[in-house]
Amino acid sequence: MNPSVDIIFNYFPRLTEKQKEQFTKLAEVYPFWNDQINVISRKDIESLYLKHILHSLGIAKFVTEFTPGTRILDVGTGGGFPGIPLAIMFPEVQFHLVDSIGKKIKVVREVAAAIGLKNVEADHIRAEQLDYKYDFVVSRAVTRLADFTPWIRNKFEKKDKNAIPNGILYLKGGDLKEEIKESKLKAELHPLSSYFKEDFFDTKYVVYVPM
């Protein structure tokens, strides 16, 4: 039995009614658009709340609040993960979701519009082509950290305005010791299993890299 939206409500009990409505509506909107433009595997769409939405919200367990006006870039967002769940969770934060595949960005825009998200911009562009600066960059396992970092190294605001310094918040699974060593980055590993009890999270992490 795949978890319903209740799994989100259980782990995040302080959601507003609007946030609850938005998370609930994703169960209609994603399957509708996924049937037209495949952004999530058919098998995984049934585990939408566990494998995509709750996984994305691992970042919201590590950073429980952002200063209003914080700007966050989501690189290789695909169907909008982790950006869309995070944008619901943090309505005072501005999110810029980018992907090099245009049809994925169409889905992101349609989902954001359908649930009434006002704090999301979505663009069909490669991260390295962006001219903007951000406080944080989030992503979900798009590539190895050593390859990812050069795309976004110069995309950070110099001044910190949150409880932790500006940097990368990367959702990744598996044994990451070699990958972090190869990247030569000072990275912190925060296991999602310390926030979520489901087996799916046993080998998954938020990788935080201060920049």
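**Figure 1. Asn162 and its polar partners in the predicted model.** A polar contact of 3.1 Å links the side chain of Asn162 with the side chain of Thr70. In this predicted model, the side chain of Asn162 also reaches the backbone nitrogen of Thr67, at 2.6 Å. Asn162 belongs to the loop that runs between α8 (145-152) and β5, and with a relative accessible area of 13% this loop residue is buried, because buried means under 20% relative accessible area.

**Figure 2. Phe90 in the loop between α6 and β2.** Phe90 is located in the loop between α6 (83-89) and β2 (94-99), and its relative accessibility of 8% places Phe90 among the buried residues. Neighbours within four places in sequence left aside, Phe90 is in contact with Ala60, Val63, Thr64, Glu65, Phe66, Phe95 and Asn119. From C-alpha to C-alpha, Phe90 and Thr67 are 9.5 Å apart in space, while 23 residues separate them in sequence.

**Figure 3. Lys172 in strand β5.** Lys172 lies in strand β5, which covers residues 167-173. Is this lysine buried or exposed? Lys172 counts as buried, because its relative accessibility is 12% and the cut-off for buried is under 20%. The side chain of Lys172 makes a polar contact of 2.8 Å with the side chain of Glu179. Apart from residues up to four places away in sequence, Lys172 touches Ala141, Thr143, Arg144, Glu179, Thr203, Lys204, Tyr205 and Val207.

**Figure 4. Leu171, also in strand β5.** Leu171 has its place in strand β5, and with a relative accessible area of 0% Leu171 is buried. Residues up to four places away in sequence again not counted, the residues that Leu171 touches are His55, Ser56, Ile59, Pro82, Ser139, Arg140, Ala141, Leu192, Tyr205 and Val206. Ala141 and Tyr205 are touched by both Leu171 and Lys172. The C-alpha atoms of Leu171 and Ile7 are separated by 19 Å, and these two residues are 164 residues apart along the chain.

Figure 5. Helix α4 comprises residues 48-56, and eight of its nine residues are buried, so the helix is largely enclosed by the rest of the structure. Which residues of α4 are the buried ones? They are Leu48, Tyr49, Leu50, His52, Ile53, Leu54, His55 and Ser56.

**Figure 6. The whole chain as a setting for the close-ups.** The protein chain has nine helices and seven strands, and its C-alpha atoms fill a box of roughly 40 × 35 × 30 Å along the principal axes. A compact globule of 211 residues would have a radius of gyration near 17 Å, and the 16 Å of this protein chain agrees with that value. Of the 211 residues, 51% count as buried. Among contacts between residues at least 6 apart in sequence, 70% join residues that are at least 24 apart. The accessible surface comes to about 10,400 Å², and 49% of this area belongs to carbon and sulfur atoms. The chain has 30 positive and 28 negative side chains, with the centres of the two sets 3 Å apart.

Note on methods
Residues numbered from 1 in each chain as written. Predicted model: local features only at pLDDT ≥ 70, side-chain atom pairs only at ≥ 80, totals over all residues. Heavy atoms only, no water. Helix = DSSP H or I, 4+ residues; strand = E, 2+ residues; numbered from the N terminus. Buried < 20%, exposed > 50% of the residue type's maximum accessible area, 1.4 Å probe, protein only. Polar contact = N/O pair within 3.5 Å; in protein donor to acceptor, adjacent residues only side chain to side chain. Contact = heavy atoms within 4.5 Å. Rg over C-alpha atoms; globule rule 2.2 N^0.38 Å. Areas by Shrake-Rupley, 256 points an atom, 1.4 Å probe, with all protein chains shown as cover. Lys, Arg positive; Asp, Glu negative; His and termini not counted. Charge placed at Lys NZ, Arg CZ, Asp CG, Glu CD.
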